[in-house]
Amino acid sequence: MKRINWLGLGLLAPAFCIVIFFFLAPVILTGFFAFTNMSTSTGVTGGEYVLNQTGLRAIEDKGLPEATLKQLKNAGYRVDAKGLAAMAEQFGENAAAEFAELHGDALFTSRRDMERALKDLRANQIRSTRDRKAAAELFKRSVLNERFATEDEFRAVLIEANINPADHDAIVMQAYSGWVWTKENIELIFTLPSSLRYAMNTLMYVGLTLSFNVLFGLFLAISIFYLPPRTSAIFSTIWFLPRVLPPVLYVLMWKWFTWDTGFIATTLSWVGVAPKNWMLDTSTHAWVVIVLINGFVGASLGMILFSSAIKAIPTSMLHASEVDGASRIQQARYIILPQLRWPILFVTSYQTLSLLTSFEYILLSTDGGPGRATEVWSLAAFHTALNNYGGNLQYGLGAAFAMLLVIIGIIASLTYLRFFNFREMIAKPRIEG
Amino acid sequence: MRHNFRTWPLLLILSLVSLPLIIMYVFQVVDSFTAPKPGSLIPGAVTFENFRFLWETPDPGRSSIWQVTFNTFVFATSVAVIITSISMTAAYALSRLNFPARGFFLGGLIVLHGFPTVTLIIAIFLILQFLGLYDSLFGVILVKSALELPFGIWIMKGFYDTVPWEIEMAGVQDGASRFTVWRRLVLPQVQPGLSALFVLAFLLGWSEFVLPLVLAPGSDAQVLSTYLAALIADDSKLDFSLYKAVGMFYALPVIFIYLVFQKKLMNIYGGGTKG
């Protein structure tokens with residue numbers, strides 16, 4: 001008994017591990033990533049603390065007191081006791097003393113001014129430029145445009161610059177360049193007008209393609225059933241190939257077919273129509289092409305499933321109807337269709353889910369264009385997070401888009417459990433230890 | 001009975017709706033072997049000029065086609081090996097062995113099998129970044145195998161389910177362990193299933209586009225699908241004859257496999273599996 005248990009789990013272990021790592025972890029992490037502001041600029045690992053002009057303006061807008069703002073801006077180079085002590089250590093007491101006399105308590109906003117001030121030294125000149133730079137560095141008290149690896153370092157500088165402690169938190173938050181937890185993505189999705197558009201596009205895409213798939217699949221399956229075997233074999237190959245061919249090649253053929261130098265444009269030029277790109281010139285054309293590209297692939301699934309279901313219908317029923325004088329359309333309507341109820345339900349539910357989430361063919365053909373006319377939800381997630389022209393990839397926002405699909409996916413796949421005859425499947429194995 | 005009907009109207013309609021596909025197939029083959037003639041559908045002279053990418057790189061920036069083909073082959077073969085070998089053991093456990101939480105694992109399998117994997121790509125992208133496997137062929141192989149694994153296990157389980165119990169019972173009666181029974185008696189029974197799954201997994205890997213595009217965009221790990229897509233996306237010089245020739249080259253193994261394993265593939269697809 002014990003040994004069998006271990007054998008079963010042992011045989012399952014490799015599959016279990018790989019599924020956990022690359023299947024379950026992504027599902028859970030999509031939920032986490034959706035609540036971060038990860039992007040190209042924040043990076044995916046930790047960040048650092050840096051306050052630049054843009055950041056300064058941002059906290060100014062958030063209502064940072066004028067005095068603090070001034071302090072942040074002007075905290076450039078300050079000839080203070082701490083800097084003088086450091087100078088005394090490196091360049092000698094005399095130099096420090098002379099410099100204190102010349103520029104004690106002076107403030108310089110730029111490095112150039114600071115270095116010029118250092119040139120004023122007469123008795124204890126610092127001759128080499130590199131040394132002067134090093135000396136200037138000793139007086140640097142700036143917060144702006146400096147990179148700090150940890151929060152503590154950054155806060156220490158703020159304290160040193162004498163900035164009001166009440167404002168520290170706001171400044172630190174603004175200065176952090178890494179990603180943080182946020183709910184903004186979800187709010188953004190619900191407020192952006194474009195997400196409504198993506199949702200409508202998705203509905204249209206799924207609705208149109210699905211109807212095409214099912215109806216056309218039915219038509220193919222029934223007509224192939226009525227044709228002589230050799231002819232039907234040719235047609236089923238023609239319609240099965242789009243599923244077998246690599247998507248890139250399949251879409252390439254469509255591109256050629258609709259391009260301004262391609263088949264449709266060339267044929268129509270014979271009757272005087274100016275050549276144009278029949279895929280991308282209007283959004284209606286783009287939609288027709290997209291539905292056809294996906295529909296031709298999807299129809300084959302319906303065709304195969306429906307064909308095998310039709311073959312299972314007892315031929316005696318068809319023979320009997322024939323004797324009674326039924327036409328072929330009547331046979332299809334009253335004998336074949338009622339038998340296909342379950343396969344149709346299966347194809348519909350299965351394809352709804354896969355159409356809702358897949359974007360490969362749209363990405364390859366119109367890429368969401370023209371404009372964003374054919375941008376569906378899943379493609380929007382892809383574009384936001386992984387591939388856009390702007391260059392700033394918003395992983396967090398994209399994950400929030402994807403999270404909605406993941407949730408739909410989980411719910412839908414859980415309902416699959418009810419479709420399958422689960423009870424029978426978990427029937428106890430017949431050999432017990 | 002079929003003779004009572006006239007088939008030609010049906011044949012006509014079917015041919016008409018199939019016409020776009022037929023035209024695409026014919027010109028895909030013809031255009032790749034003939035010189036391009038702009039503005040005309042009548043092919044030019046027969047030439048192998050479109051296949052020049054095989055012995056020279058189309059432009060300096062691109063990798064050699066043979067390196068890319070090698071990558072694709074490694075990718076597809078590794079995916080097929082991983083899926084087949086892991087499904088082989090896991091599916092047997094799920095089909096025949098009694099172990100704790102078996103119902104949970106079976107339910108999980110069905111849920112995962114129906115799950116739309118492409119929604120996970122953003123999270124996977126970030127995970128590979130964390131793991132340092134981003135932009136490597138190895139990372140994409142792991143991900144692709146993992147995502148297709150539920151499908152593989154599902155198919156193999158179907159094959160194991162058809163093996164008669166009597167074979168195993170006889171083996172156990174004769175004193176063999178369950179492991180030996182599996183290796184010596186059951187595995188030979190599902191041999192056809194294993195080869196079908198291997199071929200199908202190879203095809204899935206060979207055709208995969210989105211995963212390599214996102215997870216391994218560098219030129220070192222480029223595969224044929226991303227190579228061809230990058231070629232097409234380059235708007236500066238549109239050359240459909242070249243694209244079609246590359247496409248022909250890319251599709252050769254697929255067409256070969258389709259011709260040899262047509263029946264098997266249709267059966268597996270017909271089993272209501274991924275599409």
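Tutor: Domain bounds come from an automatic or database domain assignment. The model itself is predicted.

Student: Into which domains is chain B divided?
Tutor: Take the bounds as assigned. Chain B is divided into domain 1 (2-47) and domain 2 (59-270).

Student: How many residues of domain 1 of chain B are in contact with domain 2 of chain B?
Tutor: The C-alpha centres of the two domains of chain B lie 33 Å apart. On the domain 2 side of chain B, six residues take part in the contact. By class, the domain 1 side has one nonpolar, two polar and one charged residue. The number in domain 1 of chain B is four.

Student: Which helix of chain A gives the largest share of the side that touches chain B?
Tutor: Between the chains, 83 residues of chain A are in contact with 85 of chain B. The largest share on the chain A side is 20 residues. They come from helix α1 (residues 2-33) of chain A.

Student: Why is chain A more spread out than a compact globule, and what is its radius of gyration?
Tutor: Chain A has 22 helices and two strands. For 433 residues the globule rule gives 22 Å, and chain A is well over that, so it is more spread out than a compact globule. Along its principal axes, the C-alpha trace of chain A spans about 120 × 80 × 40 Å. The radius of gyration of chain A is 35 Å.

Note on methods:
Residues are numbered from 1 along each chain as its sequence is written. Chains are lettered from A and ligands numbered from 1 in the order in which they are written. This is a predicted model: local features need pLDDT of at least 70, side-chain atom pairs count only at pLDDT 80 or more; totals for chains, interfaces and linings use all residues. Two residues are in contact if their C-beta atoms, placed from the backbone, lie within 7 Å. Helices (H or I, at least four residues) and strands (E, at least two) are DSSP runs, numbered from the N terminus. Ala, Val, Leu, Ile, Met, Phe, Trp, Tyr, Cys and Pro count as nonpolar, Asp, Glu, Lys and Arg as charged, and the others, Gly among them, as polar. The radius of gyration is taken over C-alpha atoms; the globule rule is 2.2 Å times the number of residues to the power 0.38.
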